[in-house]
Amino acid sequence: MLVVGFGSGPLQANCYLLAEAAGGPCVVVDPGPEAAAPLAAAFAEHRLVPAALVATHGHPDHVASAADVTAAHGVPLHLHPADAQLYDGDSVPLETGTFAGLAVDVRHLPGHTPGSVVLELGTPEGGRLALTGDTLFAGSVGRGADAEAVRGLLASLPDDTVVLPGHGPATTIGRERAGNPFLAGTGA
């Protein structure tokens with residue numbers, strides 16, 4: 001599986017591209033401010049075509065370039081309906097489904113915003129990913145995130161699940177179980 005990530009805009013929100021492999025369709029997750037040029041470079045470098053545009057929530061630092069990507073590639077933004085009022089453009093409801101050949105489980109986790117979601121998917125190699133937006137970070141949870149809901153949702157994920165947060169470095173569920181005070185006691 002191909003995973004490309006970079007920080008965008010003043011708040012360095014993480015934008016991710018997910019694809020089964022280079023040279024095919026991809027999912028763009030959280031295209032924040034100033035993401036259009038890095039996205040175009042990543043599309044060219046990896047020969048990717050955006051097939052889906054997904055947001056973990058509707059804050060501008062996660063969707064500011066969505067309209068540019070939609071205009072350039074004709075791909076609508078998938079956003080939880082509870083966050084539709086946060087986004088100025090058009091969006092379609094974000095639901096569990098297959099995007100660019102990848103089965104994505106969408107878990108609604110309100111708190112940071114009413115429509116915050118966690119995207120869970122398996123990799124073709126057998127790994128697990130959780131794109132947590134601003135609900136879970138390495139060593140913390142996001143502002144307004146319901147820590148109890150985060151514990152409850154993520155307690156069922158295996159320790160080796162790679163967490164790709166909305167800001168900051170990647171981590172794993174195991175690392176967060178061991179050291180994140182907001183996930184204490186979730187067990188394996």
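**A strand and the helix that follows**

Author: Strand E2 (residues 13-19) and strand E3 run antiparallel and are joined by three bridges, where two strands count as paired if DSSP finds at least two bridges between them. Helices (H or I, at least four residues) and strands (E, at least two) are DSSP runs, numbered from the N terminus. This is a predicted model, in which local features need pLDDT of at least 70 and side-chain atom pairs count only at pLDDT 80 or more, while totals for chains, interfaces and linings use all residues. Residues are numbered from 1 along each chain as its sequence is written, and side-chain values use heavy atoms, with hydrogens and water left out.

Strand E3 itself, residues 25-29, is mostly covered, since four of its five residues are buried; buried means under 20% relative accessible area, exposed over 50%, and partly exposed in between, with a 1.4 Å probe and protein chains only.

E3 also pairs with strand E4 (residues 49-54), to which five bridges join it, and these two strands run parallel. From E3 the chain crosses through helix H1 (residues 36-46) to E4, in a β-α-β crossover that is right-handed: with the strands pointing away from the viewer, the path from the first strand over the helix to the second runs clockwise.

In H1 the buried residues are Leu 39, Ala 42, Phe 43 and His 46. Seen down the axis of H1, these buried residues fall within an arc of 100°, so they line one face of the helix, the arc being that of the directions from the helix axis to the C-beta atoms. On the other side of H1, Ala 37, Ala 44 and Glu 45 are exposed. The cover over the buried residues of H1 includes strand E1 (2-8), E2, E3, E4 and helix H3 (66-73), where contact means heavy atoms within 4.5 Å. After H1 comes Arg 47, with a positive phi near 55°.

This part belongs to a protein with five helices and 14 strands, in which 52% of the 188 residues count as buried.
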